[in-house]
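Please read this briefing alongside the sequence and the 3D view.

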Amino acid sequence: MRRFTWKRLLLVVVILLVLGMVGFVVWAETPPAPMDEAQTALQSDAQVEVSTTQWIVFKPTDKEPTTGLIFYPGGRVDDRSYAPQLHAIAEQGYLTVIVPMPLNLAIFGVNQANDVIKAFPQIKHWAIAGHSLGGSMAARFVQSNPTAVEGLVFWASYPDIDLSSLPVAVTSISGTKDGLSTPDKITSTAHFLPADTTFVVIDGGDHAQFGWYGPQAGDNPADISRDDQQIKTVQATVDLLAKLDSAAPAGR
């Protein structure tokens, strides 16, 4: 009787674990749908050629870029939700690449930037950026691959590891109304970043308006429009890329 009871208990535990795993996968694979503006930005136009195969790639049509940006999406955010910003950055003359993540969680694809770098050997200067969880995982990529990229940009994000001694240009972009990557979290992790890190604080900006996927649980309402917040985000990101673009060719 005791053996039978333990067998039944073990079976129940296994069933619960399987159901939990299935539930997690379903949750992770059903993020909010991208807004209409994101869908529009996935189309090629006179300034930017867009391809959506292994990654979402935005390439300027009027030049052969030598500086590129790899982007890691936020946790459980559809990668297409960042198309308007990456399209806008490409309009400024930079190759930009959004990297879809397994289960929409960058923690499962930290080193995928290496494949992007190998696929575009013409790019001499690389930066990596990410929103929320994507930014934290981009930071981990930089720590593990300190010579792979020259720049790192956080969008409503912060590192959970020490990057302070690495020779990488860093820009942190955050919003004063962010309810998730709060101003206190940005400030309390600043010591993990190089001393010359540029901090761009968007007055009235929230967490979700760094993308095009609608409101987000736990966030605060923004005091500025999504367009205004993203104009500032794009400009601060382009400023870092411009610094890399004007530097001497990297020795990779």
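In helix 3, the residues Ala83, Pro84, Gln85, Leu86, His87, Ile89 and Ala90 are buried, where buried means under 20% relative accessible area, exposed means over 50% and partly exposed lies in between, with a 1.4 Å probe and protein chains only. Seven of the nine residues of helix 3 are buried, so that this helix is mostly covered; helices (H or I, at least four residues) and strands (E, at least two) are DSSP runs, numbered from the N terminus. This is a predicted model, in which local features need pLDDT of at least 70 and side-chain atom pairs count only at pLDDT 80 or more, while totals for chains, interfaces and linings use all residues. Residues are numbered from 1 along each chain as its sequence is written, and side-chain values use heavy atoms, with hydrogens and water left out.

**The chain as a whole**

- The secondary structure of the protein chain comes to seven helices and eight strands, and 47% of its 252 residues count as buried.
- Among contacts between residues at least 6 apart in sequence, 70% join residues at least 24 apart, a contact being heavy atoms within 4.5 Å.

**Helix 3 and helix 7**

- The axes of helix 3 and helix 7 come within 10 Å and cross at roughly 45 degrees; axes are lines fitted to C-alpha atoms, for helices over the stretch in contact, and angles run from 0 to 180 degrees between N-to-C directions.
- Helix 3 and helix 7 are therefore oblique to each other, since angles under 35 degrees count as roughly parallel, over 145 as roughly antiparallel, 65 to 115 as roughly perpendicular and the rest as oblique.
- Helix 3 passes helix 7 in a right-handed crossing, a term used if the near helix is turned clockwise from the far one by less than a right angle, with left-handed used if it is turned anticlockwise.
- On the helix 3 side, Pro84, Gln85, Ala88 and Ile89 meet Gln230, Val234, Thr237, Val238 and Leu241 of helix 7.
- The residues of this contact divide into six nonpolar, three polar and no charged, where Ala, Val, Leu, Ile, Met, Phe, Trp, Tyr, Cys and Pro count as nonpolar, Asp, Glu, Lys and Arg as charged, and the others, Gly among them, as polar.
- Just after helix 3, Gly93 takes a positive phi of about 105 degrees.

**The nonpolar cores**

- The largest nonpolar core has 32 residues, of which Phe58, Tyr82, Leu86, Ile89 and Trp155 touch the most other members; such a core is a set of buried Ala, Val, Leu, Ile, Met, Phe, Trp, Tyr and Cys residues joined through side-chain atoms within 4.5 Å.
- Elements giving two or more residues to this core include strand 1 (48-52), strand 2 (56-60), helix 3 (83-91) and helix 7 (226-245), and helix 7 provides the largest share, six residues.
- Apart from this core lies another, of 31 residues, with Leu95, Met101, Val110 and Ile128 among them.
- In soluble globular proteins, nonpolar side chains tend to be buried together.

**Buried residues and their contacts**

- Not counting residues up to four places away in sequence, Leu86 touches Phe58, Leu69, Phe71, Thr96, Ile98 and Trp155.
- Phe71 is found in strand 3 and is buried, with a relative accessible area of 0%.
- Beyond four places in sequence, the residues that Phe71 touches include Tyr82, Leu86, Val97, Ala129 and Trp155.
- Thr171 in strand 7 (residues 169-175) is buried as well, with a relative accessible area of 5%, and its contacts beyond four places in sequence include Leu152, Phe154, Val200, Ala236 and Leu240.

- Arg76, in the loop between strand 3 and helix 3, has a positive phi of about 55 degrees although it is not a glycine, and at 22% relative accessibility Arg76 counts as partly exposed.
- Ala156, in the loop between strand 6 and strand 7, likewise has a positive phi, near 50 degrees, and at 0% relative accessibility Ala156 counts as buried.

- Phe71 and Gly134 are 63 residues apart in sequence and 7.8 Å apart in space, C-alpha to C-alpha.
- Ser246, in the segment after helix 7, counts as exposed at 62% relative accessibility, and Ser246 and Thr67 are 179 residues apart in sequence and 9.5 Å apart in space, C-alpha to C-alpha.
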